[in-house]
Amino acid sequence: VVSDRYLASILSHATEAIISFDRDGRVRSWNEGAARLFGVTQSDMLDTSIATRFPELRGLLSQSDLIDVHQPVRQSVEIELAGKIRYLETTVAPILDDERRLIALAAILWDVTEREQSKRALEEADRRKDEFLATLAHELRNPLAPIRHAATVATFPQATAEQLQWSRAVIERQVQHMSRLL
């Protein structure tokens, strides 16, 4: 059997934000991880509506899946803290009484801002790469039409010396252009 003091020690030392709130959304516990993440002390949050203080977290309280099936629910939340956008992963779990009625909710929140920013940076880099490749393909196709035309002219049996010279000049000029691109 685990003592309340033992559990309280675990909760207070967890690096993740761990919050419990009653069915009305009033904070009942707020660990040090939550204080660090949100920049608000436990004493300032106890008995405060989490949705009033942090409107972006209102979704934690309206978990119809959680209330219906009494199972934890995961979600991602974007929130502004200290003037900066933060990305959080959350798990909200029911706290049930002996008759399995919902009496409160417990939430664990992880700051995944660095991961989300990295993901978005990779997506942006991928988008820019695709845009660059599309531009490069277009720029490489542009010289091909004059090269193709000049090569066709050069293969005509009745092509004059002037036409052959023009064809060579076009091909040389377009190949130089393509070389600069690459």
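What follows is a set of numbered points on the sheet, a helix pair and a few single residues.

1. Ground rules. This is a predicted model, where local features need pLDDT of at least 70 and side-chain atom pairs count only at pLDDT 80 or more, while totals for chains, interfaces and linings use all residues. Residues are numbered from 1 along each chain as its sequence is written, and side-chain values use heavy atoms, with hydrogens and water left out.

2. Five strands form an open sheet in the order 2-1-5-4-3, with antiparallel pairing. Strands here are DSSP runs of E with at least two residues, helices are runs of H or I with at least four, and both are numbered from the N terminus. Two strands count as paired if DSSP finds at least two bridges between them. The edges are strand 2 and strand 3 (73-81), each of which pairs on one side only. From one strand to the next, the twist averages 25 degrees.

3. Strand 1. Have a look at residues 17-22: strand 1 is mostly covered, with six of its six residues buried. (Buried means under 20% relative accessible area, exposed over 50%, and partly exposed in between, using a 1.4 Å probe and protein chains only.) A17, I19 and F21 point one way, I18, S20 and D22 point the other, and all are buried.

4. Partners of strand 1. Strand 5 (residues 102-111) runs antiparallel to strand 1 and is joined to it by six bridges; I19 sits opposite A107 there. Strand 2 (residues 27-30) is also antiparallel to strand 1, this time with three bridges, and F21 has V27 as its bridge partner. The hairpin of strand 1 and strand 2 has four residues between the strands, and G25 in this hairpin takes a positive phi near 85 degrees.

5. The strand 3 end. Nine bridges hold strand 3 and strand 4 (residues 84-96) in an antiparallel pair, and L81 is bridged to K84 of strand 4. Helix 7 packs on the sheet, touching strand 3, strand 4 and strand 5, and its direction makes about 125 degrees with that of strand 4.

6. Helix 7 against helix 8. At what angle do helix 7 and helix 8 pack? Helix 7 (residues 113-155) and helix 8 (residues 161-181) pack at about 165 degrees, with their axes 8 Å apart. Axes are lines fitted to C-alpha atoms, for helices over the stretch in contact, and angles run from 0 to 180 degrees between N-to-C directions. The two helices are therefore roughly antiparallel; the classes are under 35 degrees for roughly parallel, over 145 for roughly antiparallel, 65 to 115 for roughly perpendicular, and oblique for the rest.

7. What makes that contact. Contact means heavy atoms within 4.5 Å. The residues involved include L136, E139, L140 and P143 of helix 7 and L164, W166, S167 and V170 of helix 8. By class, the contact has 17 nonpolar, five polar and one charged residues. For that tally, Ala, Val, Leu, Ile, Met, Phe, Trp, Tyr, Cys and Pro are nonpolar, Asp, Glu, Lys and Arg are charged, and the others, Gly among them, are polar.

8. S167. This serine belongs to helix 8. Buried or exposed? S167 counts as buried, at 1% relative accessibility. Leaving aside neighbours within four places in sequence, S167 touches A150, V153 and A154.

9. Two loop residues, G39 and A82. G39 is in the loop between helix 2 (32-38) and helix 3 (42-45), and is exposed, with a relative accessible area of 64%. A82 lies in the loop between strand 3 and strand 4 and is exposed too, at 83%. Although A82 is not a glycine, its phi is positive, about 55 degrees.

10. D47, in the loop between helix 3 and helix 4 (50-53), is not a glycine but has a positive phi of about 65 degrees. H13 is in helix 1 (residues 4-13) and is exposed, at 61% relative accessible area. The C-alpha atoms of H13 and E139 are separated by 59 Å.
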